[in-house]
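Let's walk through a pocket and a helix pair together. Have the model open as you read.

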Amino acid sequence: MPSIRQNPDPNALPDFRNFGVIARALVAVNLLGLAAALARETDGGRVLDAFVFSTALIEPPLIASLAVLYVAAPFLRRLPYWHACLLVAALAVALAAATHAAVSGIADVSLARVLSFALAGTALVLAYLTLHVRAYSPALAEARLQALQARIRPHFLFNSLNAVLALVRSDPRRAERTLEDLADLFRALMSDGRNLVRLADEISLIERYAAIEQLRLGDRLRMAWDLDQAPVDALLPPLVLQPLLENAVYHGVEPGTGIGDVLVRIERSGDRVRMHIENPWHTAGGAGKASVRAGNHMALDNIRERLMLFFDAEAKLQTRVEGGRYCVDIEIPYRSRT
């Protein structure tokens, strides 16, 4: 399944259910209102009053339009691009006319002026959003995703091979099973990074990775899995969870001398999927100065950018230190193939 941002048709309408699209439309229309106020008023002291007045006329049809477009987004995606654009423009003009009729008794603004602004604003916002979609066309997004995915490979490869080398002589059968797991992991690593994958596959991937690290670290690594509420049919970018678990082991377990508890929790809350990974937080040098190995921020930036490529502003990645634990929280919209 192609990613949300990688629409094969560069002229397709943006996803009006995406918070980033909604926010950009709100900002763009209000900026147009401010530009109109600046152009209309020569007295600088009256620009603010003119902008507030125009905002009172702009906001009701704008918010109503976005609400209707949110509901109608699946239907609009099935229409030819120009048909969908005409439908969006007709909706904006109709709601602007309804707003004018409702406030005509208290606002002395001509209907032609209101409809002209609505039509011009719709055309400009659609043009801007279309350019934004084209900026993330398949060719560009593919290049960026492949480059981001390539950053993961060396770190993952070296750690995994070291785990297998430690088993080759001491336990050949376990080494063979581990190599089978590695083959599956590398297959996922070399897969097409442009496609979303099922959460069930990502969970299987991190369980195999955890098994390899468990062999390498023994009792020092203690995994806790809270996956009963995980929506296994949810779609997410490939290799989001594995680098986070790798970081948890590399930064949270290996630097310590005792047992390192790593928790993985995944659940669905409404139309959101929440993923939480936490591990011990080690300090060195006093004064709470973190002992952090190089590469942690690169991995987090990698994942954050890939989430943006797929989900835009609807995805969140946050980190925090709480109670001696380093926590990573990810939220993405719930999407499935059905």
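Q: What volume does the second largest pocket have?
A: Keep in mind that this is a predicted model, so the value is computed from predicted atoms. For the second largest pocket, the volume comes to about 580 Å³.

Q: Which residues lie closest to the centre of the second largest pocket?
A: The lining counts 30 residues. Of these, the ones closest to the centre are Val29, Ile58, Pro61, Phe117 and Ala118.

Q: Which element gives the largest share of the lining of the second largest pocket?
A: Helix 1 (19–40), helix 2 (44–77), helix 3 (81–103) and helix 4 (111–135) each give two or more residues. The largest share is 9 residues, and it comes from helix 2.

Q: Are helix 7 and helix 8 roughly parallel or roughly antiparallel?
A: Helix 7 (residues 199–217) and helix 8 (residues 241–253) have axes 9 Å apart and pack at about 25°. Angles under 35 degrees count as roughly parallel. Therefore helix 7 and helix 8 are roughly parallel.

Q: How many residues in the contact of helix 7 with helix 8 are charged?
A: Helix 7 brings residues including Glu202, Tyr209 and Arg216, while helix 8 brings Leu245 and Glu246, among others. By class, the contact has 10 nonpolar residues and 1 polar, and the charged ones number 4.

Conventions
Residues numbered from 1 in each chain as written. Predicted model: local features only at pLDDT ≥ 70, side-chain atom pairs only at ≥ 80, totals over all residues. Heavy atoms only, no water. 1 Å grid on protein atoms, 1.4 Å probe; cavity = no way out; pocket = protein on both sides within 12 Å on 5 of 7 lines; lining within 4 Å. Points joined across faces, edges and corners; volume = space filled by probe spheres on them. Helix = DSSP H or I, 4+ residues; strand = E, 2+ residues; numbered from the N terminus. Axes fitted to C-alpha atoms, helices over the stretch in contact; angles between N-to-C directions. Parallel < 35°, antiparallel > 145°, perpendicular 65-115°, else oblique. Contact = heavy atoms within 4.5 Å. Nonpolar A, V, L, I, M, F, W, Y, C, P; charged D, E, K, R; others polar.
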